[in-house]
Amino acid sequence: MGSPRRPTYASPGRRQPPAPAEPEVISASKRAPEADTPSLPGRKNAKFADRNPPADKAPADKAPAGKVPAGKAPAGTDNVLAFPEPPGKRLKRNILVTLGTVLALVCALLAAAIFSPALAVGTVTVSGTRLVTTEQVQAALEPLKGRPLPQISDEEVSRLLAPLVQIKSVSTQARPPSGLMVQVLERVPVALVKQGEQYQLVDVDGVVLASPADPAAVALPVIDGGAGTIGKDLFQATAAVLGALPLDVLSKLSNASAQSVDAVELKLVDGQTIIWGNAGEKELKAKVLEALLKVPADPKNPVRVYDVSAPRHPVTR
């Protein structure tokens with residue numbers, strides 16, 4: 001038996017539309033899945049390019065010193081980065097500049113002082129003279145007139161005063177703007193050396209300082225060589241003894257003699273004899289003799305001889 005349903009037939013000229021498929025719509029608000037997006041080398045997502053830079057490319061402001069970052073213009077353009085100078089290097093440069101300026105200023109001042117005619121010597125003041133006169137010293141130093149004060153030294157002054165044998169040493173002091181002060185240290189006379197009928201004033205080194213016209217007026221002992229001329233060794237031994245004596249003792253001596261370098265004898269103006277011996281321990285002997293001479297004289301037992309040849313055991317008789 002046939003089905004009660006009747007077959008359906010399409011009308012001629014009208015086609016049945018196909019079943020609608022699910023449309024593939026891509027919304028503009030959605031991002032395509034990254035897994036479906038092919039990787040394109042050299043391209044970045046524009047939205048996150050500035051937010052997350054790759055680790056293998058350093059930012060422009062942290063590029064290593066001395067290297068121009070990729071994408072930057074070469075040196076000499078406005079896009080070149082300027083790195084700050086290290087503080088230590090800047091400080092060192094400033095110090096060098098300051099030192100150079102100070103040095104140049106000091107050199108300029110020294111040059112002005114050394115060569116300036118405003119500091120030329122005009123007057124020479126002399127002190128400490130007894131054996132020579134101030135006029136003699138000033139005449140010897142006349143070549144210094146007109147020379148700048150900083151150019152004058154003690155050595156040059158000593159050289160100019162060398163002919164004046166009485167002067168042992170000198171010291172100078174500038175008195176700007178044109179004054180020069182000269183302090184003279186003269187040799188100390190210790191004896192009169194008798195040469196025939198003539199007497200010569202000598203110091204401990206045997207330098208002849210003067211020939212006094214009246215030897216009796218000079219309160220110094222006379223060194224007599226006996227035969228007329230004293231030998232060099234004997235003179236040096238005798239002069240060394242006299243040079244060790246204080247001035248108050250030296251002024252009480254009348255003469256000095258020496259039979260040998262180990263037998264020096266002195267005579268006081270009162271007639272007493274001083275046996276000195278050799279020149280050894282002369283400072284100690286001088287102190288002992290000075291003390292003995294200060295002992296009050298005893299009229300009943302006058303002292304005729306002071307023996308200080310053994311200064312730790314002096315003898316008077």
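Two strands are taken to pair if DSSP finds at least two bridges between them. Helices (H or I, at least four residues) and strands (E, at least two) are DSSP runs, numbered from the N terminus. In the predicted model, strand 8 (residues 253-258) and strand 9 (residues 264-268) run antiparallel and are joined by five bridges. Leu253 stands opposite Leu268 in strand 9, and a hairpin of five residues connects strand 8 to strand 9.

Because the model is predicted, local features need pLDDT of at least 70 and side-chain atom pairs count only at pLDDT 80 or more, whereas totals for chains, interfaces and linings use all residues. Residues are numbered from 1 along each chain as its sequence is written, and side-chain values use heavy atoms, with hydrogens and water left out.

The protein chain contains six helices and twelve strands. Of its 317 residues, 24% are buried, where buried means under 20% relative accessible area, exposed over 50%, and partly exposed in between (1.4 Å probe, protein chains only). The chain exposes about 22,600 Å², of which carbon and sulfur atoms supply 57%; accessible areas come from the Shrake-Rupley method with a 1.4 Å probe, and for residues only the protein chains shown count as cover.

A nonpolar core is a set of buried Ala, Val, Leu, Ile, Met, Phe, Trp, Tyr and Cys residues joined through side-chain atoms within 4.5 Å. The largest such core has 32 residues, among which Leu242, Leu245, Leu253, Leu266, Ile274, Trp276 and Leu289 touch the most other members. A second, separate core of 18 residues includes Leu144, Ile152, Ile167 and Val182. In soluble globular proteins, nonpolar side chains tend to be buried together. Beyond its neighbours within four places in sequence, Leu289 is in contact (heavy atoms within 4.5 Å) with Leu245, Val249, Ile274, Trp276, Tyr306 and Val308.

Leu91 lies in helix 1 (residues 87-115) and counts as exposed because its relative accessibility is 53%.

Two backbone features were also noted. The peptide bond from Pro176 to Pro177 is cis, with omega near 10°, and Pro177 is placed in the loop between strand 2 (167-175) and strand 3 (179-186). Glu281, in the loop between strand 10 (273-277) and helix 6 (282-293), has a positive phi near 55° although it is not a glycine. Most residues other than glycine have a negative phi, and most peptide bonds are trans. Glu281 counts as partly exposed because its relative accessibility is 39%.
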